[in-house]
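Please look over the sequence and the model below before reading on.

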Amino acid sequence: MTKILVTGGAGFIGSNFVRLLLERGGTEVVNLDALTYAGNLENLSEIEGEPGYTFVRGDIRDVGAMDAVFAAHRPEVVVHFAAESHVDRSVLDATEFVQTNVVGTQVLLDVSRRHGVGRFVHVSTDEVYGSLGPTGRFTEDSPLQPNSPYSASKTASDLLVRAAYHTHGQDVVTTRCSNNYGPYQFPEKLIPLMIANALEGKELPVYGDGKNVRDWIHVRDHCEAVAEVMARGRSGEVYNIGGDSERENLHVVREILRLAGRGEELIRYVKDRPGHDRRYAIDPTRMRDELGWRPKETFESGLEATFGWYVAQREWWERVRSGAYRDYYERQYGGRADA
Ligand code: NAD
Ligand code: TDX
């Protein structure tokens, strides 16, 4: 049994990753999460109490707390998802992004080294490469040119991970993935926001001309790729992960309206995001050639399945939108020590 500590396991991708590990078996999983607005333990309520799964509430910025968690749980591998992840929030205030994404990552690297963690998997993003014109794709050698405070903070964390490898010989590996969609995504991101609004008959706010392009990947495919990198990725390397599914935002929004049986009159063009990257596209050749990984889901079937999930799980996102999900921790863990 390998003991894996997953940071940010109560968030969108982290909770899907924890579920994948437990389905596969052979690992013990410690889910470490501060439960910010984006952390929702209801994402994992069905595995609560399963053998081999432990939740620990903790903040990755807190060195003392992290030392205590690592001493108590002795993880062999760390998979680091915890982050402030929403670009629009970073435009409003970047402070938390620097503290969690940059300082928090350095704290985790140091604590992992002190406690003899074997492998440290750092989950990053294609946004560190900046914006593409109409052609070309990001490779692992593309220059780092982040344009938002969010992507700048992720780039800083990537460089600290790189430095840990070169300076301390730490066993680290970094993944850079394109835009994820799928179950349990917080409805502030494009796809779940548009689905929820369409289901409620509300306007769908499209930034700028709607022609920005994102390269979509189903969260399950991303999680499987991270598991491959964790198991077999080369130490000190970067692996780009993408779904080969570039789509204009307007196309995505129209597909969602079609699935919801709503008309285009719900589309509302709003002021553009400042510094809005025009196009992302990932070249996943290294993942394919070295690790034999390929995305399994096509965008069309994945979007339809995700739409179906949000229809069936209306209570989940209504509780997220109302803030009611935040009571869950108290109900489930009230009165228990965090570490
Ligand atoms: P999310 O916002 O849904 O979840 C983030 C989780 O981190 C939450 O559970 C939150 O409580 C936790 N967290 C935040 N600050 C913390 C702190 N200081 N200490 C401990 N926990 C803290 O994010 P997501 O979309 O699941 O993204 C996960 C990771 O994947 C991030 O590192 C993000 O940069 C990266 N990523 C995301 C995407 C995407 O499309 N969503 C694409 C590529 C990479
Ligand atoms: O209301 C909206 N209207 C709109 O037009 C929102 C929320 C978004 N958009 C546009 C902006 C982007 O072009 O849709 C596109 C996707 O936006 P987001 O869902 O906010 O994602 P993005 O900014 O591309 O970043 C995401 O992918 C990379 C994740 O949030 C990051 O965590 C990840 O690193």
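A polar contact, as the term is used here, is a pair of N or O atoms within 3.5 Å. The model is a predicted one, and the distances below should be read with that in mind.

With that cut-off, the surroundings of ligand 2 can be described atom by atom. A nitrogen atom of ligand 2 lies 2.8 Å from a backbone N or O atom of Pro-205, so this pair falls within the 3.5 Å that a polar contact requires. On its own, ligand 2 has 660 Å² of accessible area, and the protein covers 94% of it. The shell around ligand 2 receives two or more residues from each of helix H3 (87-92), helix H6 (190-200) and strand S8 (204-207). Altogether 22 residues surround this ligand, and the closest are Thr-125, Glu-127, Tyr-150, Arg-273 and His-276.

Which backbone atoms approach the polar atoms of ligand 1? A polar backbone atom of Ala-34 is 3.1 Å from a nitrogen atom of the ligand, while an oxygen atom of ligand 1 lies 3.5 Å from a backbone N or O atom of Leu-35, and a backbone N or O atom of Thr-36 is placed 3.0 Å from an oxygen atom of ligand 1. Ligand 1 taken alone exposes 840 Å², of which the protein buries 96%.

Beyond the ligands, the nonpolar interior deserves attention. In soluble globular proteins, nonpolar side chains tend to be buried together. In this model the largest nonpolar core has 40 residues, and Phe-17 and Val-79 are those with the most contacts inside it. Leaving aside neighbours within four places in sequence, Val-79 is in contact with Ile-4, Leu-5, Val-6, Thr-7, Phe-17, Val-121, Val-123, Val-226 and Met-230. Apart from this core lies another, of 29 residues, which includes Tyr-184, Met-194, Leu-204 and Val-206.

Helix H7 (residues 219-232) contains His-222, which counts as buried because its relative accessible area is 1%, under the 20% limit for that class. Beyond its neighbours within four places in sequence, His-222 is in contact with Ile-13, Val-123, Cys-177, Asn-180, Ile-217 and Ile-241.

Cys-177 brings the account to the cysteines. How many disulfides does the structure hold? There are 0 disulfides; Cys-177 is in none, and the nearest cysteine sulfur, that of Cys-223, is 8.9 Å away, whereas a disulfide would need the two sulfur atoms within 2.5 Å. Cys-177 counts as buried because its relative accessibility is 3%, and Cys-223 is likewise buried, with a relative accessible area of 1%.

Methods: Residues are numbered from 1 along each chain as its sequence is written. Chains are lettered from A and ligands numbered from 1 in the order in which they are written. This is a predicted model: local features need pLDDT of at least 70, side-chain atom pairs count only at pLDDT 80 or more; totals for chains, interfaces and linings use all residues. Side-chain values use heavy atoms; hydrogens and water are left out. Buried means under 20% relative accessible area, exposed over 50%, partly exposed in between (1.4 Å probe, protein chains only). A nonpolar core is a set of buried Ala, Val, Leu, Ile, Met, Phe, Trp, Tyr and Cys residues joined through side-chain atoms within 4.5 Å. Contact means heavy atoms within 4.5 Å. A polar contact is a pair of N or O atoms within 3.5 Å; within protein, one must be able to donate a hydrogen and the other to accept it, and residues adjacent in sequence count only if both atoms are side-chain atoms. Accessible areas come from the Shrake-Rupley method with a 1.4 Å probe; for residues, only the protein chains shown count as cover. A residue is near a molecule or strand if one of its heavy atoms lies within 4 Å of it. Helices (H or I, at least four residues) and strands (E, at least two) are DSSP runs, numbered from the N terminus.
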